[in-house]
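Hi,

Here is the structure I promised to pass on. Have a look at it first, and then read my notes below.

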Amino acid sequence: MHPCLRITEILDLIISFMVDERIHEPGEVCGIRHQDIARLARTCKAFKDPALDVLWRTQPSLSPLIMCLPNHLWTVKKEQSDWVVTLREEPSPKDWLSLQKYSHRIRAFNYCSRRQPPVCPSTIDTVFSPNLSQELFPRLRTLDLEVIGHGPAFPSLHPIPLLNSISLPQLVRLAFAISHTDLFDDPYLYFKPACAPFLQALSINVRRGRFDPLEVNFADFPSLQSLYLSDVPSRGGWEWIYLQHLYDLTATLPNGFDIDANSSTQPILPSLQRLNLNVGTLNLVTKLLSSTTSSDLSSVKVSCREPAVQYDTYALFRAIERSLNLGMLDVRCSYPITPSPIHPSTFDGPSYDLPRSTLTLLLVCRHLRVLKLSFTGTLDIDDAFVTKITLSWPGIEVLHLYGSSQDIPRVSLEGIHELLRRCQQLSSLTIQIDARIVPEEEPQTRSLSLEALDIASSRMTDGRAVEQYLRILALKLKSLMLPADISY
């Protein structure tokens with residue numbers, strides 16, 4: 001064997017070509033070519049340890065580890081519709097420690113492309129007992145209890161007692177889910193900082209149907225950098241706004257959340273970079289953005305459960321225009337529920353439209369690469385405003401502008417031509433246009449970047465002519481959505 005293959009760093013690089021790991025990105029799955037790496041581990045002694053490190057680095061279940069115990073200690077049986085690994089008898093301390101040659105290599109319990117059978121909850125409790133967990137997992141940095149405790153036989157692992165006893169001081173990423181069944185004995189969740197004193201990323205998924213409020217003492221985790229809360233706790237739920245190192249926040253805020261009710265002198269989210277909120281009204285987001293002292297905000301995503309009135313939208317955009325480094329803005333508002341379709345302009349009360357004065361506020365954010373706006377009323381956009389867009393955001397890559405109003409759009413095919421001519425990195429566009437008049441001449445400038453175009457809510461009479469014009473204009477167009485009720 002060539003001497004260079006005895007160098008661990010070179011072997012790690014070779015094996016890395018067979019690994020596609022993205023465990024640090026939410027929703028991503030770790031993919032490994034297990035069979036190829038297993039063959040490497042069996043090839044020679046020099047390959048064995050580096051290959052085993054990769055094979056065991058990320059696990060979706062405890063079952064591969066349990067099945068390394070002597071055969072008489074475990075079994076696989078069917079419970080409901082799933083196969084579950086269970087212990088036949090309690091392993092001895094020597095049996096447990098025999099797993100260290102594999103468990104010491106585990107860095108994460110997280111989603112993987114290779115599905116493994118789950119283990120029963122009692123086994124999970126045993127493996128993660130205080131003394132045994134430190135012996136087995138000295139290098140564990142990511143723990144997703146929702147992954148290892150998933151299965152039809154036990155829909156949700158009870159994380160509260162487990163977290164109260166677990167001790168993994170090297171853990172930096174923790175995720176778990178709770179449901180109403182977890183709160184019968186203890187109505188409030190509190191896990192001790194000793195379980196993970198250096199935690200940097202925390203994800204809590206609160207399932208529907210809970211009866212009692214969730215309580216988390218965020219002050220116990222001052223090093224948090226990333227936080228996901230599917231439901232912000234009503235008790236102590238405001239403490240996360242004083243996390244000084246938090247840069248990534250995803251949360252669902254209750255309607256009664258009031259940031260002004262707290263009078264601390266600490267800076268509010270001074271390190272915030274990415275914000276993703278589900279709110280009842282836009283003014284909750286406005287208050288938070290107006291209060292934060294961060295100057296590095298690069299991404300804002302808002303999903304509003306109620307339709308946004310014009311005043312609230314204006315106030316939100318005024319707060320956003322302070323973020324000059326903003327690269328992504330996504331604001332989507334629900335539509336009002338009415339017994340029958342009603343034109344927005346006929347609604348009694350405040351307007352849902354986005355006038356030019358409101359949209360113009362965003363033009364100061366010169367670094368925008370992604371802009372998605374979905375509102376109930378009319379978006380006051382015409383060809384002249386499209387020209388302003390091209391001057392303010394020449395590097396825009398994704399532009400989705402949608403209003404539910406039935407008014408005739410005022411952006412023409414010439415406006416789309418101008419947009420693609422000046423914004424040469426635009427790859428995805430959703431917009432409402434008036435394409436009843438199709439230019440007779442072919443477009444002189446062709447876009448090589450646009451791949452997806454959605455004009456399904458537009459006005460046109462000759463769909464075939466519009467499609468032909470657009471496909472000449474955008475040579476690499478892969479997806480084109482036109483109105484369903486037009487002629488071809």
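This is a predicted model: local features need pLDDT of at least 70, side-chain atom pairs count only at pLDDT 80 or more; totals for chains, interfaces and linings use all residues.

First, a term you'll need: a residue is called buried under 20% relative accessible area, exposed over 50%, and partly exposed in between (1.4 Å probe, protein chains only).

Residues are numbered from 1 along each chain as its sequence is written, and side-chain values use heavy atoms, with hydrogens and water left out.

Now the overall picture. The protein has 488 residues, and 48% of them count as buried. Its secondary structure comes to 16 helices and 19 strands; these are DSSP runs numbered from the N terminus (helices are H or I with at least four residues, strands are E with at least two). Contact here means heavy atoms within 4.5 Å. Take the contacts between residues at least 6 apart in sequence: 71% of them join residues at least 24 apart.

Back to V364 for a moment. You'll find V364 in the loop between α13 (356-359) and β15 (370-375). Leaving aside neighbours within four places in sequence, V364 touches E321 and L324. The C-alpha atoms of V364 and S392 are 7.3 Å apart, although 28 residues separate the two along the chain.

Next, the inside. A nonpolar core is a set of buried Ala, Val, Leu, Ile, Met, Phe, Trp, Tyr and Cys residues joined through side-chain atoms within 4.5 Å. The largest one has 132 residues, and F128, F137, L143 and W240 have the most contacts inside it. Helix α3 (residues 45-57) gives the largest share of this core, six residues.

What is W240 in contact with, leaving aside its neighbours within four places in sequence? Its partners include F218, L227, F257 and L269. W240 is buried, with a relative accessible area of 0%. L269 is also worth a click: it has a positive phi of about 45° although it is not a glycine. L269 sits in the loop between β11 (248-252) and β12 (274-279), and is buried at 0% relative accessible area.

On to the rings. Rings of Phe, Tyr and Trp (its six-membered ring) pair if their centres lie within 6.5 Å; planes under 30 degrees apart count as stacked, over 60 as edge-to-face and the rest as tilted. The structure holds five such aromatic pairs. W240 and F257 are stacked, because their ring centres are 5.6 Å apart and their planes are at 10°. W240 lies in the loop between β10 (226-229) and β11 and F257 in the loop between β11 and β12, so the pair ties together parts 17 residues apart in sequence. F109, F128 and F137 form one aromatic cluster.

Last, two helices. Helix α14 (residues 383-392) and helix α15 (residues 413-422) pack at about 5°, with their axes 9 Å apart. Axes are lines fitted to C-alpha atoms, for helices over the stretch in contact, and angles run from 0 to 180 degrees between N-to-C directions. That makes the two roughly parallel (under 35 degrees; over 145 is roughly antiparallel, 65 to 115 roughly perpendicular, and the rest oblique). The buried residues of α15, among them L413, I416 and L420, pack against α14, β16 (398-403), β17 (428-430) and α16 (463-473).

Cheers
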